[in-house]
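I opened this notebook to record what I looked up in the structure shown below. The entries follow the order of my reading.

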Amino acid sequence: MQESRGVRGVKSAARTVALLELLAERGEQPSRLDQLAEDLGVPRSSMYQLLQTLVDAGWVRTDATGSLYGIGIRALLTGTSYLDGDRHVQVVRPYLDEASDTLGETLHLARLDGRDVVYLATRESHEYLRTISRVGRRVPAHAGALGKALLAERSDDELPFTDWPLPALTENTHTDRTALLADLARVRERGYSIDREETVPGITGFGFALRYDTPAVDAISCSVPVARLTPEHEARIVSVMRDIRARIESRLPPMPGAPDWSPPRQAASSLRPHGH
């Protein structure tokens with residue numbers, strides 16, 4: 001059981017959160033009782049009681065046979081509340097609309113969460129119909145423009161990686177420490193990140209950290225099909241995105257008396273049992 005700030009975690013709460021996170025990760029792939037019990041190291045009888053409690057509360061849904069389980073609608077309501085209550089998301093959204101209209105490309109806003117970035121808003125290009133992200137999706141931070149822009153805001157010693165090599169999403173993903181650190185050094189030098197087919201084949205991304213927090217936890221990006229990316233278009237994307245970033249940052253100085261939602265320096269690790 002993890003402890004945070006000297007307070008011992010509540011086992012039942014930790015187990016509930018771990019279950020909901022696991023079901024959320026699996027998305028459209030439902031899970032069976034035995035599978036969930038095994039994956040989380042929980043007795044089958046205890047897992048059944050927990051699932052039934054969460055089904056009754058709407059946090060978990062089950063099929064007509066009662067044998068398959070997935071994330072429930074209450075999770076959506078909570079996620080929507082998070083986005084609606086976040087001042088930064090509310091301010092950034094109109095700028096994503098503007099940049100998408102100006103460039104005709106796909107725009108994203110994401111937040112760093114441990115080793116991943118989580119998408120908070122997306123504006124899809126009308127010319128490129130293949131969806132490469134969605135709100136709530138997690139992507140390894142080392143693999144894309146958004147994550148690399150945020151990792152570069154930290155020193156090499158502060159990066160959230162201890163085990164190498166890192167997982168590869170494509171053959172272009174930087175997975176070893178030397179390659180990733182060299183790339184992050186280039187990000188710091190130019191002021192933005194570039195993802196050349198490191199997350200999705202055929203897609204290049206340009207990422208820009210939003211420095212209204214120190215270190216930055218949010219970033220915006222523009223994604224472009226490689227087939228449509230000319231040197232002139234790349235230069236225009238960088239120019240527009242730099243301007244958008246500056247205008248967003250000018251709108252979001254710290255508010256007096258606003259709560260500081262930054263994670264504690266000694267935050268507890270994930271509530272999910274290690275090894276799963």
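I note at the outset that the model is predicted.

Entry 1, a bridge between strands. I looked up aspartate 116 and found that proline 140, in β8, is its bridge partner. I then turned to the strands themselves: β8 comprises residues 138-140, and its pairing with β7 is antiparallel, over three bridges.

Entry 2, the other pairing of β7. Strand β6 (residues 106-113) also pairs with β7 in the antiparallel sense, here over seven bridges. Within β7, tyrosine 119 is the residue that stands opposite alanine 110. I checked the hairpin of β6 and β7 as well: two residues lie between the strands, and glycine 114 takes a positive phi near 70°.

I asked how many of the eight residues of β7 are buried. The count is six for this strand, residues 116-123, so β7 is largely enclosed by the rest of the structure. Buried here stands for under 20% relative accessible area.

Entry 4, helix α2. I listed the buried residues of α2 (residues 33-40) as Leu33, Leu36, Ala37, Asp39 and Leu40. Viewed down the helix axis, these buried residues fall within an arc of 170°, so they line one face of α2. I recalled that an α-helix has 3.6 residues a turn, so residues three or four places apart point the same way. I then looked up what covers the buried residues of α2; the cover includes α1 (11-26), β3 (31-32), α3 (44-57) and β5 (68-71).

Note on methods:
Residues are numbered from 1 along each chain as its sequence is written. This is a predicted model: local features need pLDDT of at least 70, side-chain atom pairs count only at pLDDT 80 or more; totals for chains, interfaces and linings use all residues. Side-chain values use heavy atoms; hydrogens and water are left out. Buried means under 20% relative accessible area, exposed over 50%, partly exposed in between (1.4 Å probe, protein chains only). Two strands pair if DSSP finds at least two bridges between them. The arc is that of the directions from the helix axis to the C-beta atoms. Contact means heavy atoms within 4.5 Å.
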